[in-house]
Amino acid sequence: MDNFEALLAGFATAIQPEYLLYAFFGVLVGTAVGVLPGIGPAMTVALLLPITYTLEPAAALIVFAGIYYGGMYGGSTTSILLNTPGESASIVTALEGNKMAKKGRGASALATAAIGSFVAAGVATVGLTLIAPILARWAVTLGPPDYFALMIVAFMTVGALMGNSVSRGMLSLALGLFLGIVGTEVLTGQQRFTGGVPVLADGIDVVLIAVGLFAVGESLYVASRMRSGGVHVIPVTKGWRNWMSKEDWQRSWKPWLRGTAIGFPIGTIPAGGADVATFLSYAAEKRMAKGKRKSEFGNGAIEGVAGPEAANNAAAAGVLVPLLTLGLPTTATAAIILSAFQSYGIQPGPLLFENQSALVWALIASLYIGNIMLLVLNLPLVGIWVKVLQVPRPYLYAGILLFAALGSYAMNFNYLDVLILLAIGILGFLMRRFGYPVAPMVIGGILGPMAETQLRKTLAISQGDLSALVTSPFAAIAYVSLILIVMVGLWLKRRQTRLE
């Protein structure tokens, strides 16, 4: 069965009423959490992980994919109307979008963001559909040393490129690797770093790490910085049918396409994800502007909203390529979705398209459907999302902490899991407080045991010869690429810092 027929079969599954409801729930929740400052897709997926254990795999993954896409959409609303990005990839949108809103053009900014997100996500999902199966067929030929090299690439790039400091990123990664090896060693049966605590003998569940860092730690951090008083939201009075003028359309369509072309390739490699893509898109639009339009940058240029929002959503689809085909997460949200796969005994990678073909294609088909749902939710219903911004923050974060604790307890009905969650949450709060990125820690906790397994396989096959780790042609190319990716990524981060 070729890819087109497999996609049609995926649509046949995804359009079933049950899965349509799951997709709608995912994009609805994703948009809501994208709108709310400080609550991103990573936190929401982590929070829902324990709850979705009762769902079948296809339903749970469709929900998580909807949350991921929806979070990228929703972040533009709060950036434009509140000048507070709902998630990090919407920072650039606030630069121009809020200026447009203050000039009474908030409706145009919201419309170009929503339509640009729709165009970019649609084109990028087509790219995912075409590229992922080809990459998966090629990846089947990789051996243990090749996979170990890929994971080293993921470790180094994520540690070096996430956050503002390489050293802090690498320390966060080291903490994640340490948490990943806590438990019973597979080959010898010896317990490592358990301190004699029986509940740690099976290791620290990835869900506890993810929920602790993103739900508990993030909630404590945001609550500690919460400003008092009401939230001032710039009103949107113009009817949605007349949001964009003919000139707005003419100025937006090229940035949409350029943003897509920038965002999708960057999303597929571990080089900073959507954050870097949005800043690159903004820099490109600013550089290409001429005459009067160039002077508008910094004062409300619509191109500065259209391009970055397209790059943001294209990168979100690009992130799914290495996740599904190689099992490598390049963002925090992708890492948590990977743990969702693993909780169902499914390992993303080259064999996923063969062993779980129906599941993968139903997931990809749901992305097309969810993208249409998101356009409907974000254009005419913007008034509802403005109301969501008025939710009292104390109630919101208290509810998040409550659900996090209940979810962690429900996994094994063991109160020690709640204590571990609290300890990791406090660690996450301190990391955020002192500027340490938490995403490398999550990725280290998830990929660490997998990297150890591939390392042991390589050494077993080579009878302890360490040169086997680098003599494979692909592994050698991967390590050379690692140097190039880190160098380019650090250069991009410097450009991002200058733009900020």
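Setting aside residues up to four places away in sequence, Phe214 is in contact (heavy atoms within 4.5 Å) with Ala42, Met43, Ala46, Ser219, Ala332, Ile336, Val438, Ala439 and Val442. The model is a predicted one, in which local features need pLDDT of at least 70 and side-chain atom pairs count only at pLDDT 80 or more, while totals for chains, interfaces and linings use all residues. Residues are numbered from 1 along each chain as its sequence is written, and side-chain values use heavy atoms, with hydrogens and water left out.

Phe214 also belongs to the largest nonpolar core, a set of 127 residues in which Phe64, Phe214, Ile336 and Phe341 touch the most other members. Such a core joins buried Ala, Val, Leu, Ile, Met, Phe, Trp, Tyr and Cys residues through side-chain atoms within 4.5 Å; buried means under 20% relative accessible area with a 1.4 Å probe, protein chains only. The greatest contribution to this core, 13 residues, comes from helix α4 (residues 57-82).

Turning to the chain as a whole, 57% of its 500 residues count as buried. Its secondary structure consists of 22 helices and two strands, taken as DSSP runs (helices H or I, at least four residues; strands E, at least two) and numbered from the N terminus. Among contacts with a separation of 6 or more, 79% link residues 24 or more positions apart.

As for confidence, the mean pLDDT (the predictor's confidence in each residue, from 0 to 100) is 81, and 89% of residues reach 70 or more.

Notes:
Buried < 20%, exposed > 50% of the residue type's maximum accessible area, 1.4 Å probe, protein only.
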